[in-house]
There are 2 protein chains.
Amino acid sequence: MATQHTPANDEDAKPTLSKAADRAYDTIGGLILGGHFKPGDRLSEEELSRLCGVSRTPVRDALRRLAAEYFVVIRPNQGAVVAVWKRQDIEDLFHMRALLEGMAAARAASRRNDDCLIQLEQCVERIDKAVNAMPEPDIAAFLAENTAFHRTILDAADSPRLSATLASLIAPAIVARTAEHYSQADLRRSNEHHREVVEALRNRDAQLADSIMQVHIRAAANSYFSKQD
Amino acid sequence: MATQHTPANDEDAKPTLSKAADRAYDTIGGLILGGHFKPGDRLSEEELSRLCGVSRTPVRDALRRLAAEYFVVIRPNQGAVVAVWKRQDIEDLFHMRALLEGMAAARAASRRNDDCLIQLEQCVERIDKAVNAMPEPDIAAFLAENTAFHRTILDAADSPRLSATLASLIAPAIVARTAEHYSQADLRRSNEHHREVVEALRNRDAQLADSIMQVHIRAAANSYFSKQD
DNA sequence: GTGTGGTAATTTGTATACACTTTCAGCCAA
DNA sequence: TTGGCTGAAAGTGTATACAAATTACCACAC
């Protein structure tokens, strides 16, 4: 899910970005993440269609998708507003993520193959490099590899429904902000959790993998809120 | 979400069934549940618009909603097909439901008020009546009250995100088929679980509520699969 | 007979016009 | 001034026409 859409006129390297609905989705998502629209703001379909350069039809489609991911809230005959996420909502999000990613880790422990382990180890190494980069941690690389790590486990769990549900919970906004709030110590500890998860998967210890993953997510939640305000 | 309006707990008695998109949603969902469209069948937007008596626009809207709830799968430029649920998918569904409804029960244990308890007790009594109805259990009444019971707990948990996520997991199709597969003994045991949950909520024992609810959902899964084939 | 290419038919994706609902400003009456 | 009514303005919901993409089919070459 590409939420990034820099206003700089980049050559459309991806041929199928021409899809109006996708462009609307990316543009609106970018405007929300970029702060142009703040929580509670009303989103007029006509205004969005102007901003996106497409008609209202794909804009409506994009809004429904964003609503399914809880970025916006749509009330019948009253239009869409940017969702307001209270602290409790985000706590719930982390809680649910912890449960479901724990389940994913447990299943991955039973079903993993050797190739999966190799990939995970590579992720861990790359995250190490990103965390210890000088003069300061490479947040972008950390994010990319962290996402790859969790996605690899999710793939190994081999449950389409679990993947889909988790995808809607791991809002890119939250993940990005979490990393911003991480201190270097937090990042290091996070990757230590990754190492322990890999070890549990290697030993096919489902129970342990579940527990560690839950600890991992809850630690992320703590970091998020400790730096919050 | 609202495919059936059971008389048990309708908040908005507004007969806004005139909404074309809602009618399309209900109609298509009904055709799938009723077996007119079988898993794997292709869903032509034009054909559906004829069947629903509305234009393609609300049909597309309905299809997107159904896709968000995993009733159908939409592939870009290739239309929608009725989702095929393999046994593993349904097992995963129950597993996720167990985790999240357990979480809901735990939170409800902390936040419940007395009115909530009263409602739950009423549900339990009504379910008793439905289960012991002569000459045979009243499945429809059981379903309605069972849904009301779980929804009451979900409301008491007071977590919009949790409610929304669970709503997408508790596909009406599965719930209905589960009840069909229940024996009378299963139904009785199910309501015993309900009683235990209520007792845990009364004592504000979050851990116990969580555990019982997970047992409750897993028992439902067992009943589902034991009668399956 | 089989594989390939190209064209036509079907279907999805998008744009636009119109109908209906909500909202709010303005006005009248109490 | 306040309360409620009315009607216009704005915005969402729906229908339809058109564009783009996919699929099916048939001719043709090998």
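1. A residue is called near a molecule or strand if its C-beta atom, placed from the backbone, lies within 6 Å of it. On that basis 18 residues surround DNA strand C, and the closest are A:A20, A:A21, A:S55, A:T57 and B:G79. The elements that give two or more residues to this surface are α1 (20-33) and α3 (56-68) of chain A, together with α2 (45-52) of chain B. Helices (H or I, at least four residues) and strands (E, at least two) are DSSP runs, numbered from the N terminus.

2. Before going further, please note that this is a predicted model, in which local features need pLDDT of at least 70 and side-chain atom pairs count only at pLDDT 80 or more, whereas totals for chains, interfaces and linings use all residues. Residues are numbered from 1 along each chain as its sequence is written, while chains are lettered from A and ligands numbered from 1 in the order in which they are written.

3. Which element gives the largest share of the surface near DNA strand C? That share, 4 residues, comes from α3(A). By class, the surface near DNA strand C holds 5 nonpolar, 8 polar and 5 charged residues, where Ala, Val, Leu, Ile, Met, Phe, Trp, Tyr, Cys and Pro count as nonpolar, Asp, Glu, Lys and Arg as charged, and the others, Gly among them, as polar.

4. DNA strand D is likewise surrounded by 18 residues, the closest being A:G79, B:A20, B:A21, B:S55 and B:N77. Here α2 (45-52) of chain A joins α1 (20-33) and α3 (56-68) of chain B as the elements that give two or more residues to the surface. The largest share of the surface near DNA strand D, 4 residues, is that of α3(B), and the surface divides into 5 nonpolar, 8 polar and 5 charged residues.

5. The contact between the chains takes 16 residues from chain A and 16 residues from chain B, with two residues counted as in contact if their C-beta atoms, placed from the backbone, lie within 7 Å. On the side of chain A that touches chain B, α3, α4 (87-111) and α7 (160-169) of chain A each supply at least two residues. The largest share of that side, 8 residues, comes from α4(A), and by class the side has 9 nonpolar, 3 polar and 4 charged residues.

6. Chain A has an open sheet of 3 strands in the order β1-β3-β2, with antiparallel pairing; two strands pair if DSSP finds at least two bridges between them. The edge strands are β1 (42-43) and β2 (72-75) of chain A, each of which pairs on one side only. Between β2(A) and β3 (residues 79-82) of chain A there are 4 bridges in the antiparallel sense, and A:R75 stands opposite A:G79 in β3(A).

7. In chain B, strand β3 (residues 79-82) is joined antiparallel to β1 (residues 42-43) by 2 bridges and to β2 (residues 72-75), also antiparallel, by 4 bridges. B:A80 in β3(B) is the bridge partner of B:L43, and B:I74 stands opposite B:A80 as well. The hairpin of β2(B) and β3(B) has 3 residues between the strands, and in this hairpin B:N77 takes a positive phi near 65°. B:N77 is also among the residues closest to DNA strand D.

8. How are α1(A) and α2(A) arranged? They pack at an angle of about 100°, with their axes 10 Å apart, where axes are lines fitted to C-alpha atoms, for helices over the stretch in contact, and angles run from 0 to 180 degrees between N-to-C directions. The two helices are therefore roughly perpendicular to each other, because angles under 35 degrees count as roughly parallel, over 145 as roughly antiparallel, 65 to 115 as roughly perpendicular and the rest as oblique. A:R23, A:A24, A:T27 and A:I28 in α1(A) meet A:L48, A:L51 and A:C52 in α2(A).

9. In chain B, helices α4 (residues 87-111) and α7 (residues 160-169) pack at about 155°, with their axes 10 Å apart, and are therefore roughly antiparallel to each other. The contact of α4(B) with α7(B) divides into 8 nonpolar, 1 polar and 2 charged residues.

10. Finally, the axes of α9 (residues 184-202) and α10 (residues 206-226) of chain B come within 9 Å and cross at roughly 165°, which makes α9(B) roughly antiparallel to α10(B).
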